[in-house]
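Please look over the sequence and the model, then read the points below, which are grouped by topic.

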Amino acid sequence: MDEEEHEVYGGEIPDEGELEGELDPHNADVDMSAADEDAVKELDEMKKRLKEMEDEAAALREMQAKVEKEMVQDPASAAANQASREEADSRSVFVGNGC
C-alpha cells in the first residue's frame with residue numbers, strides 16, 4: 001500500500017495488521033482479577049454510602065413529619081410563639097458597622 005495521508009489528520013493511515021496487536025485482549029498487560037477486586041470493593045463502599053444516605057433521609061422525613069404534626073395539632077402554641085417573637089423583635093435593636 002502506498003504512503004497515504006488522511007485528509008483530516010494529515011498522518012499516515014496504519015495498516016490493519018499494525019492495529020491487531022493493540023486490540024487483542026489476550027495481549028493485555030492488565031491483571032483483571034485485581035481490577036475486579038477493586039471494582040467489587042468500590043461497589044461495596046458505594047452501597048454502604050447509599051445505605052447511610054437512605055437512613056439519613058428516612059430520619060429527616062420522620063423529623064419533618066413530627067414537626068408538621070406538632071404544628072397542626074397545636075396552632076395556638078404556634079401563634080403564641082409567633083407573637084412572642086414579634087414582641088422580642090420590636091424590642092430589639094440592630095447595631096452594625098456602617099462601612
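At 60% relative accessibility, Arg-91 falls in the exposed class, because that class begins over 50%. Arg-91 takes part in a salt bridge with Glu-87.

**Salt bridges**

- Two salt bridges are found in a search of the whole structure.
- In the pair formed by Glu-87 and Arg-91, the closest N and O atoms are 3.9 Å apart.
- Glu-87 has a relative accessible area of 46% and is therefore partly exposed, whereas Arg-91 is exposed.
- Lys-51 forms a salt bridge with Asp-55, and here the closest N and O atoms lie 3.1 Å from each other.
- Lys-51 and Asp-55 are separated by about one helical turn, because they stand four residues apart in helix H2.
- Lys-51 counts as partly exposed because its relative accessible area is 47%.
- Asp-55 is likewise partly exposed, at 42% relative accessibility.
- As a general point, side chains of opposite charge can pair when their charged atoms come close.

**Secondary structure**

- The protein chain contains three helices and zero strands.
- Followed along the sequence, the elements give the pattern α-α-α.
- Helix H1 covers residues 16–23, and helix H2 covers residues 32–73.

**Surface and burial**

- The protein chain has 99 residues, of which 0% count as buried.
- Asp-36, Glu-37, Asp-38, Glu-42, Asp-44 and Glu-45 form a negative surface patch.
- Asp-36, one of the residues of this patch, is located in helix H2.
- The relative accessibility of Asp-36 is 46%, so this residue counts as partly exposed.

**Confidence of the prediction**

- The mean pLDDT of the protein chain is 77, and 64% of the residues score at least 70.
- Helix H2 has the highest mean pLDDT among the elements of the protein chain, at 89.
- Helix H1 has the lowest mean pLDDT among these elements, at 56.
- Helix H2, with that highest mean value, also holds the salt-bridged residues Lys-51 and Asp-55.

Conventions
Residues are numbered from 1 along each chain as its sequence is written. This is a predicted model: local features need pLDDT of at least 70, side-chain atom pairs count only at pLDDT 80 or more; totals for chains, interfaces and linings use all residues. Side-chain values use heavy atoms; hydrogens and water are left out. Helices (H or I, at least four residues) and strands (E, at least two) are DSSP runs, numbered from the N terminus. Buried means under 20% relative accessible area, exposed over 50%, partly exposed in between (1.4 Å probe, protein chains only). Patches are made of residues with over 30% relative accessible area and no salt bridge: like charges are joined within 9 Å, nonpolar side chains (Val, Leu, Ile, Met, Phe, Trp, Tyr) within 5 Å. Accessible areas come from the Shrake-Rupley method with a 1.4 Å probe; for residues, only the protein chains shown count as cover. A salt bridge is a side-chain nitrogen of Lys or Arg within 4 Å of a carboxyl oxygen of Asp or Glu. Lys and Arg count as positive and Asp and Glu as negative; His and the chain ends are not counted. The place of a charge is taken as NZ of Lys, CZ of Arg, CG of Asp or CD of Glu. pLDDT is the predictor's confidence in each residue, from 0 to 100.
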